[in-house]
Every structure is written in C-alpha cells, then in structure tokens.
Amino acid sequence: MKPKVLIVENSWTMRETLRLLLSGDFDCAAASSGEEGLEKALAQPPDLLLSDVNMEGMDGYELCRRFRQEPSLQHIPVVFVSGFAPRSDSDASLPVPDAYLVKPVKPALLIAEIHALLRRGSAPVSATAPTAQVVTKA
C-alpha cells in the first residue's frame, strides 16, 4: 500500500503537476486551500503533508501550526514547497516544517525527500521545534 500524501496548493496547475509527479510512489489527495486541506486531513489523516506557503486565507504556516496542535495530526511530517525562500525572521512562534523546498524543485529530489521523511518515522514534533531541513532549489 502506498503512503498517503496530501497536497495543499492553491494553483491548479501546480497541484495537478505535483499529484501526477507523485502518484507513481504515493497515494495522493489534493486540496486547493489550507482550510480544505485541514478538513481532508482531519477526515482521513495522510502520512505526509505537502503544502504551498503563500495561499489566501489559511497559509502554509497556519496549516502547519494547526497540524502541530491537533493530536491526530501532530506526528505527520510537513513539507513546504514554495517559490519563496523561508522566512528569515527568527519569529519563534512560527511553526517549523520538516522540510522546506524552493521551487523549482527537481522531481527526484522532492520524491527522495518525501521518502526520507516517511522512513524517519512519526515522532511527534512540537509546535515550534527548529527541526526543519531547508533544501534550496537545485
């Protein structure tokens, strides 16, 4: 059985590209907003969340925060894929994803990162634990 990846991306083109790219290795569900992504995750928790950062309404950081606060979701690895570099301000209240990839991301790198996070296990992460691995565009 393939691991479940929830893709939360407001761009239809990017969402479908990611879904098609990952569907060979993962069972993919998709959402077009943070709110929809949270609803889907609460109804059927994924094995990994792959989210854009800049979205209308609930952005990726708020979605990550909600995952970290929700007992049924807090163990799920969170990967940000964004066209922007990570926020450089050292705001300790910002939730930290498990990985941050800057677009454009090479498909092999994205797939390898997801597999690595899934292999790492599902140890709970605190709401602001500085454990993120930043992977820049290659």
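## The largest nonpolar core

In this predicted model, the largest nonpolar core has 20 residues, and those with the most contacts inside it are Val-8, Leu-49, Leu-63, Phe-67 and Phe-80. At least two residues of this core come from each of E1, H2, H3, E4 and E5, while the largest share, four residues, is supplied by H3. Apart from this core lies another one, of 16 residues, which includes Phe-26, Cys-28, Val-79 and Ile-111.

Phe-67 is one of the residues with the most contacts inside the largest core. Not counting residues up to four places away in sequence, Phe-67 touches Leu-38, Ala-41, Leu-49, Leu-73, Gln-74, Ile-76 and Val-78.

## Helix H3 and its buried side

Helix H3 spans residues 60-69, and within this helix Gly-60, Tyr-61, Leu-63, Cys-64, Phe-67 and Arg-68 are buried. These residues cover an arc of only 160° around the axis, and therefore they sit on the same side of H3. The partners against which the buried residues of H3 pack are strand E1 (4-8), helix H2 (34-43), strand E3 (48-51), strand E4 (78-82) and strand E5 (99-102).

The N-terminal end of H3 is capped by Asp-59, which has a side-chain oxygen lying 3.2 Å from the backbone nitrogen of Tyr-61.

## Aromatic pairs

When the whole structure is searched, two aromatic pairs are found. Tyr-61 and Phe-80 form an edge-to-face pair, with 5.1 Å from centre to centre and 80° between the planes. Because Tyr-61 belongs to helix H3 and Phe-80 to strand E4, this pair ties together parts that are 19 residues apart in sequence. Buried means under 20% relative accessible area, so Tyr-61, with a relative accessible area of 5%, is buried, and Phe-80, at 0% relative accessibility, likewise counts as buried.

The pair of Phe-80 and Tyr-100 is edge-to-face because the ring centres are 5.8 Å apart and the planes stand at 80°. This pair links distant parts of the chain, given that Phe-80 is in strand E4 and Tyr-100 in strand E5, 20 residues apart. Both Phe-80 and Tyr-100 are buried.

## How the parts come together

Tyr-61, Phe-80 and Tyr-100 form one aromatic cluster. Phe-80, for its part, is among the residues with the most contacts inside the largest nonpolar core.

Notes
Residues are numbered from 1 along each chain as its sequence is written. This is a predicted model: local features need pLDDT of at least 70, side-chain atom pairs count only at pLDDT 80 or more; totals for chains, interfaces and linings use all residues. Side-chain values use heavy atoms; hydrogens and water are left out. Buried means under 20% relative accessible area, exposed over 50%, partly exposed in between (1.4 Å probe, protein chains only). The arc is that of the directions from the helix axis to the C-beta atoms. Contact means heavy atoms within 4.5 Å. A polar contact is a pair of N or O atoms within 3.5 Å; within protein, one must be able to donate a hydrogen and the other to accept it, and residues adjacent in sequence count only if both atoms are side-chain atoms. Rings of Phe, Tyr and Trp (its six-membered ring) pair if their centres lie within 6.5 Å; planes under 30 degrees apart count as stacked, over 60 as edge-to-face and the rest as tilted. A nonpolar core is a set of buried Ala, Val, Leu, Ile, Met, Phe, Trp, Tyr and Cys residues joined through side-chain atoms within 4.5 Å.
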